[in-house]
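Hi,

Here is the structure I said I would send over. Have a look at it first, and then read my notes below.

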Amino acid sequence: MKKWFAVIGDPISHSKSPDMHNTWFDELEIDATYIPIHVKTEDLNQAVASLKLLGASGWNVTVPHKETIIPMLDKIDPIAEKMGAINTVVRQEDGTLKGYNTDGAGFVHALEEAVGKEHKDQKVLLIGAGGASRGIAFALQQYGYHQISICNRTISKAEAIINELGEGEALSLEQAENRLNEFGIIIQATSLGLSTGEQKLPISLDRLQKETIVADIVYNPLITPFLAEAENKGAKIVTGLGMFVHQGAIAFNYWLGQYPNTEKMMNRLMEQLK
Ligand code: ATR
């Protein structure tokens, strides 16, 4: 029987996930389809019950449901539980629903695809302390990065994540700017740089060293003002597109037991974003 998958969120019409997953189904000759479903906050409970009743094999969850859906699921993956958010639901063989978070791991897969796995002993600076940053922090730790500094405008939020990690340090934005040369990997994980939002940089890059790896979680625009400035200063940049593609690939693998072609997908989406 044909399998079906979905992404639920509000808004949802802009999502590139349906095109991505349907392309992978075609490439791998899997008899399945993936549809976007607009779900408002007040309808989430009913939507989850409906997806279950109507036999969805799994679905992605995006803003604003990543946290609120948790109590509606039967089981949560331990790392996702620590992150306090999920983006992927898998209907298991017995019909129960299990939640995973593939955003953070997606970021690390994308980073390592771009620059290799040999940077785990470097100092990492994570800028921002919202949901995205929290997911990346736990994933970095899980993948063996243990020197993590988090800086944020509101430092107490960075301290809270560091406390939960049990290692690393919280910094003010100013401290991070002054000590920028210490870090081998710098990750922009605030909402700044989105084409719809403010275009200023979260921190100054004056002290950026050449060859530093600088990544952004924003992929629209592909080259954010932060990445443009970093590239000007001789950094090796990693766009946010890889995180998006790999979070999808990891979800796909949970659902179907196959890791789809991420490189081809990156090229396809890059064309669309141009
Ligand atoms: P997400 O879940 O996408 O990470 P979020 O939880 O709203 O989104 O977090 C947004 C992040 O961007 C936060 O780290 C926020 O800093 P504060 O915690 O101090 O609010 C950061 N951010 C947003 N606008 C900012 C700005 N103008 N300058 C610096 N940081 C900003």
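Let's start at the ligand: one of its oxygen atoms lies 2.9 Å from a polar backbone atom of alanine 129. Keep in mind that this is a predicted model. Arginine 153 uses its side chain instead, with an N or O atom 2.8 Å from a ligand oxygen. At serine 191, a polar backbone atom is 3.5 Å from an oxygen atom of the ligand. The protein covers 71% of the 650 Å² of accessible area that the ligand has on its own.

How many residues surround the ligand? There are 14, and the closest are Ala129, Asn152, Arg153, Thr154 and Lys157. Sorted by class, this shell has seven polar, four charged and three nonpolar residues.

Now for the nonpolar parts. In soluble globular proteins, nonpolar side chains tend to be buried together. Here the largest nonpolar core has 29 residues, and the ones touching the most other members are Phe107, Leu111, Ile136, Leu140, Ile150 and Ile187. Helices and strands that each supply at least two residues of this core include α4 (103-115), β7 (124-127), α6 (155-165) and β10 (185-188). Which element gives the most to this core? That is α5, with five residues.

Leaving out residues up to four places away in sequence, isoleucine 136 touches Gly104, Phe107, Leu126, Ile187, Ala189, Ile217 and Met243.

There is also a second, separate core of 23 residues, with Phe5, Phe252, Leu256 and Met265 among them.

Cheers

Definitions and conventions. Residues are numbered from 1 along each chain as its sequence is written. This is a predicted model: local features need pLDDT of at least 70, side-chain atom pairs count only at pLDDT 80 or more; totals for chains, interfaces and linings use all residues. Side-chain values use heavy atoms; hydrogens and water are left out. A residue is near a molecule or strand if one of its heavy atoms lies within 4 Å of it. A polar contact is a pair of N or O atoms within 3.5 Å; within protein, one must be able to donate a hydrogen and the other to accept it, and residues adjacent in sequence count only if both atoms are side-chain atoms. Accessible areas come from the Shrake-Rupley method with a 1.4 Å probe; for residues, only the protein chains shown count as cover. Ala, Val, Leu, Ile, Met, Phe, Trp, Tyr, Cys and Pro count as nonpolar, Asp, Glu, Lys and Arg as charged, and the others, Gly among them, as polar. A nonpolar core is a set of buried Ala, Val, Leu, Ile, Met, Phe, Trp, Tyr and Cys residues joined through side-chain atoms within 4.5 Å. Buried means under 20% relative accessible area, exposed over 50%, partly exposed in between (1.4 Å probe, protein chains only). Helices (H or I, at least four residues) and strands (E, at least two) are DSSP runs, numbered from the N terminus. Contact means heavy atoms within 4.5 Å.
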